[in-house]
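Please read this briefing alongside the sequence and the model. It covers overall dimensions, a helix, an open sheet and a hairpin.

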Amino acid sequence: MAHADGNTVFVPYVLPGEQVRVSAKKRQKKLLWADLLEVIFPAKERGKPKCPHFQRCGGCHYQHISAAEQLRLKKEILRETLSRLGGISWDGPILEHAGEAYGYRNRAQWAVRRGMPRSLGYFLPESSLILAIDQCPVLSPLLAQTFSKLQDMTRSGTLPAGVQEIEAFADSRDEKLALNVAFERFWKPATELTSVFHNALPQLESVLLLDQKKNKFELSGPGYLLHEAGGHRYRVSHLSFFQVNRFLVEDLLKTVVSNTSGESALDLYSGVGFFTLPLAKTFGKVVSVDANLAATRDLQANAELAGVSIASHNEQAEAFLRKTKERPEFVVLDPPRAGLGAQASRDLAELSAREIAYLSCDPSTLARDLAVLTNSTRKPKQIDAPSKRYEITEMHLFDLFPQTFHIETLVRLRKAP
């Protein structure tokens, strides 16, 4: 962010203190968005991106910054966002958890538009030709190999006609592969389409095809991959979610559930049971809540495999909190980017749990929810103050997405006396 001629200017790929030349792209009153043309005087923290397609594909945002400086900037952004939006002043340490800066990602998307691939949600100009992203440095070795093969199939014309998007998953050992393949419509029988991918990708374990015109799914294989973390095995099906950073998943699990025990625990947005299974080993009763039916079924299968009992609810966390009579001692929640929501945060506070572990992937919505839980001055006026107030005891930053602006935060809260 910079200021010029009375305007506030936003320019990506620039470091504080740098002098750059930019081109105006969009204006809204006194706000100006611009593209970077040239770095005239670089900051000493600026480095050389590892990927030759950096700034073109859009999958990474910070490859021009050293790993240590990325963490420093993310902690600054986190503190500023919590203070500005949530009135949260945290003067304690933000504990860093970082793994490998490259080769970490075990899930990615690859889309074809006008014969042009887009990997990891990349957004390429519509006028671009096929871009040779044969090696993506943030992908795990198996996924990098997979996308390279998909590129070859696109160039050679052997990729089945009508493919719109492919989502690929690697297991925790980076040995087995699952694909979700969305077609405009099936131009051939599903068995023939599936065999094309199996022949091209020997590590392929399971394939889920979607005919978008008929809204019809076809499955080949077991329908899931197995992941291991913290001594637990997790079945993760095609439409379920699992953490994407293969280097930090173990650390994340241990940090969230360590030193927690008691009579009852609640896991909101529980997914396939990533936190639920270890909690079931240290709590007498564990309740899980998730709106994703596929994930809920995975959790139930995982609990049976682990030999533990879980009270599982397949519903929205907000709806559950409005009506539940549960009084857990410990609550863990890992919501999507939208966060828990102000009203649901108040409902959570009213459960009067001794401790809450909130894992967030968006500092802005985290700030809003913490404002309610801590009853700060930035709490939304339309939300009544909860009868129970919480204090922050720990804050952790997990760099689950190095080279990007995404910030994963774990906040531990304790009920105030």
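Two strands count as paired if DSSP finds at least two bridges between them. Helices (H or I, at least four residues) and strands (E, at least two) are DSSP runs, numbered from the N terminus. The model is predicted, so local features need pLDDT of at least 70 and side-chain atom pairs count only at pLDDT 80 or more, while totals for chains, interfaces and linings use all residues. Residues are numbered from 1 along each chain as its sequence is written, and side-chain values use heavy atoms, with hydrogens and water left out.

**Hairpin β10-β11**
- Strand β10 (residues 204-211) runs antiparallel to strand β11 (residues 216-220), and five bridges join them.
- Within this pair, L210 lies opposite F217 of β11.
- Four residues separate β10 and β11 in the hairpin, and N215 in the turn has a positive phi of about 50°.

**Open sheet**
- Four strands make up an open, mixed sheet in the order β1-β2-β4-β3.
- β1 (2-4) and β3 (19-28) are the edge strands with a single partner each, so one side of each has no neighbour in the sheet.
- From one strand to the next, the twist averages 40° (axes are lines fitted to C-alpha atoms, for helices over the stretch in contact, and angles run from 0 to 180 degrees between N-to-C directions).
- β1 and strand β2 (residues 7-10) run antiparallel and are joined by three bridges; A4 faces N7 in β2.

**Helix α1**
- The 20 residues of helix α1 (residues 67-86) should span 28 Å at 1.5 Å a residue, and the end C-alpha atoms are 28 Å apart, which agrees; the expected span is 1.5 Å times one less than the number of residues.

**Whole protein**
- The protein contains nine helices and 20 strands.
- A compact globule of 417 residues would have a radius of gyration near 22 Å, and the protein agrees with 23 Å (taken over C-alpha atoms; the rule is 2.2 Å times the number of residues to the power 0.38).
- Of the 417 residues, 53% are buried.
- Among contacts (heavy atoms within 4.5 Å) with a separation of 6 or more, 61% join residues 24 or more positions apart.

Conventions. Buried < 20%, exposed > 50% of the residue type's maximum accessible area, 1.4 Å probe, protein only.
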